[in-house]
Amino acid sequence: MTQPLLNRPLFNRLALIGTGLIGSSIARAAREQGTVREIVATARSAATRQRVVELAIADQVAATNAEAVEGADLVIVCIPVGACGAVAQEIGPHLAQGATVSDVGSVKASVLHEMAPHLPAGIHFVPAHPVAGTEYSGPDAGFAALFVNRWCILTPPQNADTQAVRRLKHFWQALGANVEIMTAEHHDLVLAVTSHLPHLIAYTIVGTADELSQVTRSEVLQFSAGGFRDFTRIAASDPTMWRDVFLANKDAVLEMLGRFNEDVATLTRAIRRGDGDALFDHFARTRAIRKGIVAIGQDSPAPDFGRPHPDLPPEPLPRPYAAENE
Ligand code: NAP
């Protein structure tokens, strides 16, 4: 296996268009690992650009996207997928010859389709998706270790320059990620089931509970450690980003939703018929999947449903928990 060129700059000048959770994490990690000589960042609003200056996570903060990409040999677009086409059109004429342009969007076929036509000949376009994130947004939310031991999927077009792909692969490896290469269409199908559908389910469940508002105000929140709390964390993810994901990955999500609805119908029937064996078999299969995820290091085995409630003291309560005479 080829060793990545760790700890020496792979690129001279990295331009980050968008400096939210993902962009700012790339800036922090690239600086920490010394993978680029210089970082130029920009964001849509003056307020975010000002915050990036205050956080000092880039060497320069540019006022416009066009200015940010001047002289950059690596440009990474870190904005919601629905905005990628317009930004590619804006930066296209200002890109340096031979530069690599990439992105971090959670959907790949639509980004490829919308950005590629605006990138001039001689530019190497290698879309990417770091499968790492949190429910927080903005430059304060980023951290250098976000990509460590996470996957980053590259979806180069068929005619992509192999040298440019290899260099971007080394860049992500230097940030701690494991890199996989696949087609954009395959990526979108896989992520529809592993990420997009779970988010849709979380948004649905939390919304349904909220509609039962009388319950929500009391018991649902009170007893949320029973699993609902994890849904609320996922459902707190950025609304703009996720709106764009569902619009951009419509076909794959609809395909997975169709299968999901069939499976829900099967489980519904098992519950109605009192078919305990069917339920047990299904749950045993899913428990094994969870164990597999922990075994390959993609999650911690630490108990999660029982994690401390933020309002409770971190130390165990003294026993007995309640006075005998209560
Ligand atoms: P974020 O924290 O909300 O940051 C988004 C950044 O994009 C901000 O700097 C924002 O600027 C800028 N921006 C927003 N709309 C724009 C527009 N129309 N034109 C130009 N710039 C715009 O978002 P994020 O979580 O970093 O997500 C960025 C991308 O990463 C998305 O495509 C998402 O699919 C992908 N991704 C996210 C995660 C995750 O867990 N969050 C994981 C993997 C990949 P202002 O602050 O000035 O508005």
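Predicted model: local features only at pLDDT ≥ 70, side-chain atom pairs only at ≥ 80, totals over all residues.
Six strands make up an open sheet in the order 3-2-1-4-5-6, and their pairing is parallel. The edges are taken by strand 3 (60-61) and strand 6 (124-125); each of these has a single partner strand, so one side of each is left without a neighbour in the sheet. Further in, strand 1 (residues 11-17) pairs with strand 2 (residues 36-42) in the parallel sense, over 6 bridges. Within this pairing, Ile17 is found opposite Thr42 of strand 2.

Two helices can then be placed against these strands. Helix 1 (residues 21-33) lies across strand 1, strand 2 and strand 4 (74-77), and runs at about 160 degrees to strand 1. Helix 6 (residues 162-174) runs at about 75 degrees to strand 1. The strands that helix 6 lies across are strand 1, strand 2, strand 4, strand 5 (100-103) and strand 6.

The packing of nonpolar residues comes next. In the largest nonpolar core there are 37 residues, and the most contacts inside it belong to Leu14, Ile26, Phe171 and Trp172. At least two residues of this core come from each of strand 1, helix 1, strand 2, strand 4, strand 8 (151-154) and helix 6. The most is given by helix 1, which supplies 6 residues. Another core, of 25 residues, lies apart from the largest one, and among its members are Ala15, Ile17, Val69 and Ala88.

A histidine also deserves a look. His129 has its place in strand 7 (residues 128-131). With a relative accessible area of 6%, under the 20% limit, His129 counts as buried. Residues up to four places away in sequence aside, the contacts of His129 are Val104, Gly105, Ser106, Lys108, Trp151, Cys152, Ile153, His187 and Leu191.

The aromatic rings complete the picture. A pair of such rings is described by the distance of the centres and the angle of the planes. The structure holds 4 aromatic pairs. In one of them, the ring centres of Phe147 and Trp172 are 5.0 Å apart and the planes stand at 85 degrees, so this pair is edge-to-face. Phe147 sits in the loop between strand 7 and strand 8, whereas Trp172 belongs to helix 6; the two are 25 residues apart, and their pair links distant parts of the chain. Both partners are buried: Phe147 has a relative accessible area of 1%, and Trp172 has one of 0%.

A further pair, that of Trp242 and Phe246, is tilted, with 5.8 Å from centre to centre and 45 degrees between the planes. These two residues are 4 residues apart in helix 10 (residues 239-248), so about one helical turn separates them. Trp242 is buried, at a relative accessible area of 5%. Phe246 has a relative accessible area of 19%, which is under 20%, and so Phe246 is buried as well.

Finally, the rings can be viewed as a group. Phe11, Phe147, Phe171 and Trp172 form one aromatic cluster. Of these, Phe171 and Trp172 are also among the residues with the most contacts inside the largest nonpolar core.

Conventions: Residues numbered from 1 in each chain as written. Heavy atoms only, no water. Pairing = 2+ DSSP bridges. Contact = heavy atoms within 4.5 Å. Axes fitted to C-alpha atoms, helices over the stretch in contact; angles between N-to-C directions. Core = buried A, V, L, I, M, F, W, Y, C linked by side-chain atoms within 4.5 Å. Buried < 20%, exposed > 50% of the residue type's maximum accessible area, 1.4 Å probe, protein only. Phe/Tyr/Trp six-rings, centres within 6.5 Å; stacked < 30°, edge-to-face > 60°.
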